[in-house]
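Have the viewer open as you read.

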Amino acid sequence: MAKSGLLNSSIARKVAMALSGLFLILFLAQHCFINTTSLFGEETFNAISHFMGNNPLVQYVIQPILIVGVLFHFSMGFILDYKNRASRPISYAKYNGGANASWASRNMIITGSVVLAFLGLHFYDFWIPEMNYKYVESLPLNETRYYEELIHKFESPVRTALYSISFVLLAVHLWHGFNSSFQSVGFNNKYSKSLKTFAYAFSIVVPALFVFIALFHHFNH
């Protein structure tokens with residue numbers, strides 16, 4: 001008897017993985033925009049960060065959805081990788097994967113695992129202190145603290161290096177994953193070529209911007 005359930009078929013799992021990935025890409029673009037404003041001074045960055053950190057819709061609706069999205073995306077990635085490995089015939093061990101697929105596509109679980117580890121560090125560095133500031137210590141609002149907190153995080157060369165390496169691996173992850181997401185949801189029309197070009201550009205430019213921001217603040221403060 002066929003299994004029932006929304007995510008029991010491989011196609012459904014791939015579509016769910018793709019949709020959650022596209023959702024996280026939107027968050028990544030928004031996060032990149034906010035961080036980029038820090039290159040031009042404190043005022044705009046502080047204003048946007050204060051809004052994002054104190055807006056009820058962001059804090060109590062979007063933020064929980066984002067956390068669930070992250071957990072779902074990476075959990076589904078591990079499940080898909082396990083299912084794919086379990087379904088391979090024994091003779092597959094002789095298969096030369098590099099001749100038929102890129103390194104990025106064959107190692108999505110590796111780059112994804114590193115990105116997940118980085119997100120854990122990022123939550124430890126930024127989200128947990130923010131929750132402690134607002135809800136544990138209940139400190140008064142300070143609309144100008146965000147820029148200084150950002151600068152402080154990039155004082156350490158080790159932390160800056162780890163941050164930069166993580167975004168290089170994110171670029172590799174996006175290089176294959178972004179385009180695969182469009183294929184998984186069945187997007188195939190006259191705009192496909194342009195979207196593919198956009199996805200490749202996004203995979204390079206956005207992670208490179210994050211690395212540049214980290215290095216800029218490390219060497220200029």
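Predicted model: local features only at pLDDT ≥ 70, side-chain atom pairs only at ≥ 80, totals over all residues.

**A guided walk through the model**

Residues are numbered from 1 along each chain as its sequence is written, and side-chain values use heavy atoms, with hydrogens and water left out.

Is His50 buried or exposed? His50 counts as buried because its relative accessibility is 15%, the scale being under 20% relative accessible area for buried, over 50% for exposed and partly exposed in between, with a 1.4 Å probe and protein chains only. Beyond its neighbours within four places in sequence, His50 is in contact with Leu141, Glu143 and Tyr146, where contact means heavy atoms within 4.5 Å. With Tyr146, the side chain of His50 also makes a polar contact of 3.5 Å (a pair of N or O atoms within 3.5 Å; within protein, one must be able to donate a hydrogen and the other to accept it, and residues adjacent in sequence count only if both atoms are side-chain atoms).

Now turn to the aromatic rings. The structure holds 10 aromatic pairs, that is, rings of Phe, Tyr and Trp (its six-membered ring) with centres within 6.5 Å; planes under 30 degrees apart count as stacked, over 60 as edge-to-face and the rest as tilted. One of them joins Tyr163 and Phe167 in a tilted arrangement, 4.9 Å centre to centre with 55° between the planes. These two residues are 4 apart in helix 7, so about one helical turn separates them, and both are buried.

Another pair, Phe178 with Phe198, is edge-to-face, at 6.1 Å centre to centre and 70° between the planes. Because Phe178 lies in helix 7 and Phe198 in helix 8, this pair ties together parts that are 20 residues apart in sequence. Phe178 is buried at 4% relative accessibility, whereas Phe198 is partly exposed, with a relative accessible area of 45%.

Finally, which residues do ring pairs link into a cluster? The cluster consists of Phe154, Tyr163, Phe167 and Phe210.
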